[in-house]
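Welcome! Please take a moment to look at the sequence and the model below before reading on.

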Amino acid sequence: MRIALHFAWNTRRRRDGERGQALVMVLLLFPVLMLVLALVLAVATIESAKTRVTDQVDQAAVTAATQVDMSTIWTGAQLSADTEQVAREYLQSNLTAVSSLIEEDPADIASAAEVYVSNAGGLNPITGLNDPGPSVTIRARVSVRVPLLGLMGIHSVPITVIGWSQLRH
């Protein structure tokens, strides 16, 4: 019994000098934890927006590829600039669907986007890869809104997305 009382007395004496130490630790660590949480949420927002914008650019490339007259491919004639224009129109239309995520006007993004229409396989100058056949490739630079980073003065983050579609016959 005496040993138990001695242990309890020593523990109480040690804690008296450490009173409030946990509160200080919490007050020091709370802002750091909130900053880490905000950065994690900001990165998740950027990745989510990038995925949605990439889907729209991909869909514009696929739609432009399906609009190509396949007789042009079969005869070996060069694809016209109409295919590039169709790709830009669909890109603008698709980006309008995600306009709440992007900083610029979809028409400006579509007009500034790089569109490469290939009549045959070969090195694609946008992707740097070999295309197996006729294809449509779109590269767009988009500034994505990130509300949490706005508190630090960063209102948007620039991203580059690429959409590609092969023409099938």
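This is a predicted model: local features need pLDDT of at least 70, side-chain atom pairs count only at pLDDT 80 or more; totals for chains, interfaces and linings use all residues.

Residues are numbered from 1 along each chain as its sequence is written, and side-chain values use heavy atoms, with hydrogens and water left out.

**The whole chain**

Let us begin with the overall layout. The chain has five helices and five strands, and reading along the sequence gives the pattern α-α-α-α-α-β-β-β-β-β. Helices (H or I, at least four residues) and strands (E, at least two) are DSSP runs, numbered from the N terminus. Of the 169 residues in the chain, 34% are buried. Here buried means under 20% relative accessible area, exposed means over 50%, and partly exposed lies in between (1.4 Å probe, protein chains only). Among the contacts in the chain with a separation of 6 or more, 60% are accounted for by residues 24 or more positions apart; a contact means heavy atoms within 4.5 Å.

**Helix α2**

Helix α2 spans residues 21-66, which is 46 residues. From its first C-alpha to its last it reaches 68 Å, close to the 68 Å expected at 1.5 Å a residue. That expected span is 1.5 Å times one less than the number of residues in the helix. At Leu29, α2 bends by about 30°, and a proline, Pro31, follows within four residues. The bend at a residue is the angle between axes fitted to the seven residues ending there and the seven starting there.

The buried residues of α2 are Ala42, Ile46, Ala49, Val53, Thr54, Val57, Ala60, Ala61, Thr63, Ala64 and Ala65. An α-helix has 3.6 residues a turn, so residues three or four places apart point the same way. The partners that these buried residues of α2 pack against are α4 (81-96), β4 (135-145) and β5 (156-166).

**Where α2 meets α4**

The axes of α2 and α4 are 8 Å apart, and the two helices pack at an angle of about 145°. Axes are lines fitted to C-alpha atoms, for helices over the stretch in contact, and angles run from 0 to 180 degrees between N-to-C directions. On the α2 side, the contact is made by Val53, Gln56, Val57, Gln59, Ala60, Thr63 and Ala64, and on the α4 side by Thr83, Val86, Ala87, Tyr90, Leu91, Asn94 and Leu95. These residues divide into nine nonpolar, five polar and no charged. In this count, Ala, Val, Leu, Ile, Met, Phe, Trp, Tyr, Cys and Pro are nonpolar, Asp, Glu, Lys and Arg are charged, and the others, Gly among them, are polar.

| Residue | Relative accessible area |
|---|---|
| Thr83 | 8%, buried |
| Ser135 | 0%, buried |
| Ile102 | 1%, buried |
| Ser99 | 33%, partly exposed |

Thr83 belongs to helix α4. Not counting residues up to four places away in sequence, Thr83 touches Ala64, Val68, Val117 and Val136.

Ser135 lies in strand β4. Leaving aside neighbours within four places in sequence, Ser135 is in contact with residues including Tyr116, Asn124 and Trp164.

Ile102 sits in the loop between α4 and α5 (106-112). With residues up to four places away in sequence not counted, Ile102 touches Val53, Leu95, Ile109, Val142, Ser143 and Arg145. The C-alpha atoms of Ile102 and Val53 are separated by 8.7 Å, although these residues are 49 residues apart along the chain.

Ser99 is also found in the loop between α4 and α5. Apart from neighbours within four places in sequence, Ser99 is in contact with Pro106 and Arg145. Ser99 and Arg145 are 46 residues apart along the chain, and their C-alpha atoms are separated by 9.9 Å.
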